[in-house]
Amino acid sequence: MSLAVGVIGAGVMGSEHARILRKETIGAHLAAICDADEARARSAGDGQGLVFTDPLALINSDRVEAVVIAAPDSTHKGLALACVEAGKPVLCEKPLAVTAAEALEVVEAEVAKGRPLVQVGYMRRFDPPYIEMKRAREAGEIGVPVILHNIHRNAVVPEWFTGAMSVTNAFVHEIDVSRWLLGSEMVSAQAHCGEGGDPLMITMVTDRGTIVSTEVFMNCRYGYHVHAQLVGRHGTIETAVPVTTLSNASGRHGFSYPDNWVPRFRTAYANQMNAWVAAAAGGQSCGGANAWDGYVTTSIAEQVVAALETRTLTRLSLPPRPSCYG
Ligand SMILES: NC(=O)c1ccc[n+]([C@@H]2O[C@H](COP(=O)([O-])OP(=O)(O)OC[C@H]3O[C@@H](n4cnc5c(N)ncnc54)[C@H](O)[C@@H]3O)[C@@H](O)[C@H]2O)c1
């Protein structure tokens, strides 16, 4: 049996998800693709799958069994709710919604449906370096974690992408991966902001006292650079710069950086898709971010945006976790 997957949004991420479904996924196929721009949908489908311009028509099509949402952030809540209503598993790109209140609506709809249907595309959980760091921490190889240093640098973004947007759209990755890597909840945050909203330095503390520092720099110019180092009482472990080439020129020896996230996380996106497909077919979780994780991440991001204004230490608050999320 091959799971029939429909992809909504055929931009940078949607085309990559469609490519992975066409070429690198076991147990599923690209059954449909939708974009407001029909030509873009057709191009991303590359001759495979039905083409839609209406995302609700794709979700409700009897030719589609599961859905990937890769349209802009503002569409996520409404489309995820439509997937839950239709009883179809959905892999929704991050963030789950643009506000915590909207993300909570998705959680409540899933709880009312009584079945886990929503996974949020926090793909670093499927990235081999992060997986190895988590394994090493859980095995006690570096002792009790005391600090997690995160770096999230992007080459260049439009002006509107800095400040609050870099928290709600970029830093959300560090919120999710830090909670997952440390197996802890964040309890406080403090944020500092450079001129024009870029870069940001955000410090959070977990319920076990681990300090999580994150630099978010959206216009670092030199390339896309994501890095994490976990410091334990007995040692450290960090992601190694993933490179395909080392160069020697002009008296220097160097690594190359990718332009954006697609080459850096290509393996993670493919691993995520394969794990989600296997879980969707078997009706069980694959360790990806669930709807509750998606809500928590958006809620913390919202509270960090408020902390950016006050520049004071903010105690993070979350409602009790529904029992179905463990
Ligand atoms: N997980 C990651 O690492 C990662 C990286 C980048 C982006 N994202 C997320 O993926 C999503 C898409 O980002 P992108 O960079 O691919 O954006 P993009 O602008 O390249 O593509 C978005 C596409 O959605 C289409 N679209 C807009 N409204 C639509 C609608 N109502 N129905 C159908 N199609 C519609 C647009 O025409 C466009 O082709 C965003 O939510 C973003 O946050 C995730």
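The following legends describe several views of a predicted model.

Residues are numbered from 1 along each chain as its sequence is written. In this predicted model, local features need pLDDT of at least 70 and side-chain atom pairs count only at pLDDT 80 or more, whereas totals for chains, interfaces and linings use all residues.

**View 1. Overall fold of the chain.**
The chain has 10 helices and 16 strands; helices (H or I, at least four residues) and strands (E, at least two) are DSSP runs, numbered from the N terminus. The radius of gyration is 20 Å, close to the 20 Å that the globule rule gives for 326 residues, so the chain is as compact as a globular protein of that length. This radius is taken over C-alpha atoms, and the globule rule is 2.2 Å times the number of residues to the power 0.38. Along its principal axes the C-alpha trace spans about 55 × 55 × 40 Å. Of the 326 residues, 44% count as buried. A residue is buried if 20 or more other C-beta atoms lie within 10 Å of its own, exposed if 12 or fewer, and partly exposed in between, with C-beta atoms placed from the backbone. Among contacts between residues at least 6 apart in sequence, 68% join residues at least 24 apart; two residues are in contact if their C-beta atoms, placed from the backbone, lie within 7 Å.

**View 2. The shell around the ligand.**
The ligand is surrounded by 25 residues, the closest being Gly9, Gly11, Val12, Met13 and Glu93. A residue belongs to this shell if its C-beta atom, placed from the backbone, lies within 6 Å of the molecule. Helix 1 (12-23) and helix 4 (73-86) are the elements that give two or more residues to the shell, and helix 1 provides the largest share, 3 residues. By residue type, the shell divides into 13 nonpolar, 6 polar and 6 charged residues. Here Ala, Val, Leu, Ile, Met, Phe, Trp, Tyr, Cys and Pro count as nonpolar, Asp, Glu, Lys and Arg as charged, and the others, Gly among them, as polar.

Strand 1 (residues 3-8) contains leucine 3, which counts as partly exposed because it has 19 C-beta neighbours inside 10 Å. The C-alpha atoms of leucine 3 and alanine 28 are separated by 4.2 Å, although the two residues are 25 apart along the chain. Beyond its neighbours within four places in sequence, leucine 3 has contacts that include Glu65, Val277 and Ala281. Strand 1 pairs with strand 2 in the parallel sense over 6 bridges; two strands pair if DSSP finds at least two bridges between them. Isoleucine 8 has cysteine 34 of strand 2 as its bridge partner. Of the 7 residues of strand 2 (residues 28-34), 6 are buried, so this strand is largely enclosed by the rest of the structure. Parallel pairing over 3 bridges joins strand 2 to strand 3 (residues 50-52), where phenylalanine 52 stands opposite cysteine 34. The chain passes from strand 2 through helix 2 (residues 38-45) to strand 3 in a right-handed β-α-β crossover. Strand 1, helix 1 and strand 2 also make a right-handed β-α-β unit. A crossover is right-handed if, with the strands pointing away from the viewer, the path from the first strand over the helix to the second runs clockwise.

Strand 7 (residues 145-153) and strand 11 (residues 225-232) run antiparallel and are joined by 8 bridges. Within this pair, arginine 153 stands opposite histidine 225 of strand 11.

**View 3. The loop between strand 8 and strand 9.**
Glutamate 195 lies in the loop between strand 8 (186-193) and strand 9 (200-206). Glutamate 195 is exposed, because 7 other C-beta atoms lie within 10 Å. Glycine 163 is 32 residues from glutamate 195 in sequence and 9.6 Å away in space, C-alpha to C-alpha. Proline 199 is also placed in the loop between strand 8 and strand 9, and a cis peptide bond with omega of about 0° joins aspartate 198 to proline 199.

**View 4. Further backbone features in loops.**
Most residues other than glycine have a negative phi, and most peptide bonds are trans. Lysine 94 and proline 95 are joined by a cis peptide bond with omega of about -15°; proline 95 is in the loop between strand 5 (90-92) and helix 5 (100-113). Serine 250, not a glycine, has a positive phi of about 50°. Its place is in the loop between strand 13 (246-249) and strand 14 (252-255).
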